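Hi there,

Here is the structure I promised to pass on to you. Have a look at it first, and then read my notes below.

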Amino acid sequence: MNYIIMDLEWNQPFSKELCLTMASGLKFYGEIIEIGAVKLNARFEIVDFFREFVKPKYYKKLHPMVKKITAISRKDLAGGIPFPEAIQAFRRWCGKDSTLMTWGNDDVPVLCDNLEFFDLDKSWAADWYNLQTIFGLQTGNGTEQKSLQFAMEYFKIPCELRLHDAFNDAFYTAQVCSHLDLTKGVGNYDRFLRLQREQDVRRHSGAEPYHSLISTERGRYPSKRAAFGDRRFAAVHCEDCGIHEVPAGSWMRQSNEKYIALAHCERHGTFLVRMKFRRVKGGMDVHKVVWRATEEMIQLYRNLAEKSRQRKEPFRSVG
């Protein structure tokens, strides 16, 4: 078994109007322009390195923010190879018996979006480890997300190469991993994620029971408003009758990054929808959770609505 520490850089459209749509109906927000990786063997020792620039096919002009953060130039991209060739070379380098590892939750969803958009197999990227999570558990930082730079400073790893470079970030992630017990981290990973999901449901939704959870879904958008405006993503899918219901009222701010709304199915009652936002490279990562609404959830929404009326106009559903 090999473990592949992977990092990606991607370009983005200049505006949401220029954003392309995937066959699934989701927006294609990031086109990969660099792949960097470090290969670890079964003993978690570094055995090889990988770096490839990808010549973009769709978002050919570098977004100013991407150019500033990554320092990737047009010359770098001109010397790159098309994504299908790059990913074929990457998979060949990874080998058949390998598992992906990344720092954070951003890279694999972007990888899967690109594989889908180019009509390539993405099943091989389904199982992966978030090293940020293992770092937090083993250093007492809990589930709070910490940057790679924070982890480097925590272990006193000198930063001599530019960060936000796919290869450099993968290399430094491997240095951080040398201070972790990856055998233990990988062994306990699935159990921890299951417990974390259950705790997250209870902690963030008020007093709702875990069994009221209906579904979870993730998406990526250039802004919060774009996520609210996407009727397909914002809608609640009622599994009992198969209809999609867009929240009928306003999205109420529960915190700086969380908003909730109610959706009603005439036959099967009320649902509470929560969108949780996290700023990432190129926009906002959105985690949507849907519960079958209890009286406590409905009252929570009403309380926030009353407070909102006393402050300012909330976001309105599009429709």
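**Aromatic pairs and other finds**

Phe50 and Trp93 are both buried. Please keep in mind that this is a predicted model. The two rings form a tilted aromatic pair, with 5.4 Å from centre to centre and 40° between the planes. Phe50 belongs to strand E5 (residues 46-53) and Trp93 to helix H3 (residues 83-94), so their pairing ties together parts that are 43 residues apart in sequence.

A second pair to look up is Phe228 with Tyr259, which is edge-to-face at 5.3 Å centre to centre and 80° between the planes. Here helix H9 (residues 224-229) supplies Phe228 and strand E12 (residues 258-265) supplies Tyr259, so parts 31 residues apart in sequence are tied together. Both Phe228 and Tyr259 are buried. The structure holds 27 aromatic pairs, and one aromatic cluster is formed by Phe28, Tyr58, Tyr59, Phe83, Phe117 and Phe118.

Is Asn11 buried or exposed? Asn11 counts as buried because its relative accessibility is 0%. Its side chain reaches the backbone oxygen of Tyr59 at 2.9 Å, and also that of Lys61 at 2.9 Å. Among the residues Asn11 touches are Tyr29, Gly30 and Val66.

Finally, find helix H4 (residues 107-117): 8 of its 11 residues are buried, so H4 is largely enclosed by the rest of the structure. The buried ones include Val110, Leu111 and Phe117. Just after H4, Asp119 takes a positive phi of about 60°.

Happy exploring!

Conventions. Residues are numbered from 1 along each chain as its sequence is written. This is a predicted model: local features need pLDDT of at least 70, side-chain atom pairs count only at pLDDT 80 or more; totals for chains, interfaces and linings use all residues. Side-chain values use heavy atoms; hydrogens and water are left out. Buried means under 20% relative accessible area, exposed over 50%, partly exposed in between (1.4 Å probe, protein chains only). A polar contact is a pair of N or O atoms within 3.5 Å; within protein, one must be able to donate a hydrogen and the other to accept it, and residues adjacent in sequence count only if both atoms are side-chain atoms. Contact means heavy atoms within 4.5 Å. Helices (H or I, at least four residues) and strands (E, at least two) are DSSP runs, numbered from the N terminus. Rings of Phe, Tyr and Trp (its six-membered ring) pair if their centres lie within 6.5 Å; planes under 30 degrees apart count as stacked, over 60 as edge-to-face and the rest as tilted. Lists of a residue's contacts leave out its neighbours within four places in sequence.
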